[in-house]
2 protein chains.
Amino acid sequence: MNNVFKALNDKTRRDILELLKQEDMTAGQIADHFNFSKPTISHHLDLLKQAELLTSVKKGQFVFYSLNTTVMDELLKWMLQFTADTLPLKKKITPRYEGK
Amino acid sequence: MNNVFKALNDKTRRDILELLKQEDMTAGQIADHFNFSKPTISHHLDLLKQAELLTSVKKGQFVFYSLNTTVMDELLKWMLQFTADTLPLKKKITPRYEGK
DNA sequence: TATTTATATTGAGAAAAATAAAAATATATC
DNA sequence: GATATATTTTTATTTTTCTCAATATAAATA
């Protein structure tokens with residue numbers, strides 16, 4: 001769980017995800033969209049893979065990256081506990097102390 | 001947006017959110033749930049506030065913290081673009097290269 | 001009123017972790 | 001063998017996390 005937030009806690013990595021939303025791409029193609037060196041992008045891709053937000057398949061000399069939506073689905077579930085609709089039973093302590 | 005992931009990228013801070021899911025609590029009550037010093041928890045609370053995941057109200061000598069669900073709602077929306085259901089139009093490049 | 005007690009935050013500094021890039025390495029293609 | 005693609009390793013810098021000490025503010029009490 002921690003790995004996911006760590007992976008998402010970076011604009012470049014979120015942009016990579018947005019890129020791959022449209023189509024699968026090679027590491028090189030992805031790197032071409034950014035002003036970072038290829039090793040840097042490679043590192044970002046690695047973090048996204050560690051978080052299982054991406055999968056990769058090697059085809060010859062290329063490595064194709066694809067979105068893996070299952071982790072996002074899990075994250076979504078986690079997040080749903082904190083939405084307004086899911087918290088109607090919440091005890092509100094604060095009002096009790098408002099008298100003073 | 002970046003602040004939210006930064007704030008969520010820590011187990012302690014996520015645990016704080018889970019605590020406040022049940023009821024509002026003072027900084028001290030929150031700190032009592034962890035094996036960290038009060039200043040440490042205070043810093044975590046500050047980060048959560050910066051990310052607008054929490055609100056705080058001072059009542060006398062106490063500071064009550066509450067969940068703020070609106071940011072989670074926004075995050076949820078962002079995340080929905082990456083779920084399987086939302087990506088049916090995706091161009092799949094990979095298969096094209098599978099021949100070799 | 002002055003002083004003590006309770007709650008909470010702020011700031012300084014140290015240890016640990018993350019970030020970015022260059023250089024080196026690995027692997028596949030021509 | 002030479003070239004292209006991609007990752008790994010190394011290194012320097014920055015950021016994060018944590019605690020201690022000090023500060024701020026409110027409440028209780030002598």
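Trainee: Which residues of H2(A) meet H4(A) here?
Mentor: In this predicted model, Thr12(A), Arg13(A), Ile16(A) and Leu17(A) are the ones on the H2(A) side. Across from them, H4(A) brings Ile41(A), His44(A), Leu45(A), Leu47(A) and Leu48(A).

Trainee: And how do the residues of that contact divide by class?
Mentor: The contact of H2(A) with H4(A) has six nonpolar residues, two polar ones and one charged.

Trainee: Nice. At what angle do the axes of the two helices cross?
Mentor: Roughly 75°, with the axes of H2 (residues 11-22) and H4 (residues 38-50) of chain A coming within 10 Å. Angles of 65 to 115 degrees count as roughly perpendicular, so H2(A) is roughly perpendicular to H4(A).

Trainee: Over to chain B, then. How do the axes of H2 and H4 cross there?
Mentor: In chain B, the axes of H2 (residues 11-22) and H4 (residues 38-50) cross at roughly 75° and come within 10 Å.

Trainee: Which residues make the contact in chain B?
Mentor: H2(B) uses Thr12(B), Arg13(B), Ile16(B) and Leu17(B), while H4(B) uses Ile41(B), His44(B), Leu45(B), Leu47(B) and Leu48(B). Sorted by class, the contact of H2(B) with H4(B) has six nonpolar, two polar and one charged residues.

Trainee: You listed Tyr65(B). What does its polar side-chain atom lie 2.4 Å from?
Mentor: From a phosphate oxygen of DNA strand C.

Trainee: What about Gln61(A): which part of DNA strand C is 3.5 Å from its backbone N or O atom?
Mentor: For Gln61(A), that is a sugar or linking oxygen.

Trainee: Which elements give two or more residues to the surface near strand C?
Mentor: From chain A there is H4, and from chain B there are helix H3 (27-31), H4 and strand E3 (62-67). H4(A) provides the largest share, four residues.

Trainee: Last one: what classes make up that surface?
Mentor: Near DNA strand C, the surface has eight nonpolar, 10 polar and three charged residues.

How values were computed: Residues numbered from 1 in each chain as written. Chains lettered and ligands numbered in written order. Predicted model: local features only at pLDDT ≥ 70, side-chain atom pairs only at ≥ 80, totals over all residues. Heavy atoms only, no water. Axes fitted to C-alpha atoms, helices over the stretch in contact; angles between N-to-C directions. Parallel < 35°, antiparallel > 145°, perpendicular 65-115°, else oblique. Contact = heavy atoms within 4.5 Å. Nonpolar A, V, L, I, M, F, W, Y, C, P; charged D, E, K, R; others polar. Polar contact = N/O pair within 3.5 Å; in protein donor to acceptor, adjacent residues only side chain to side chain.
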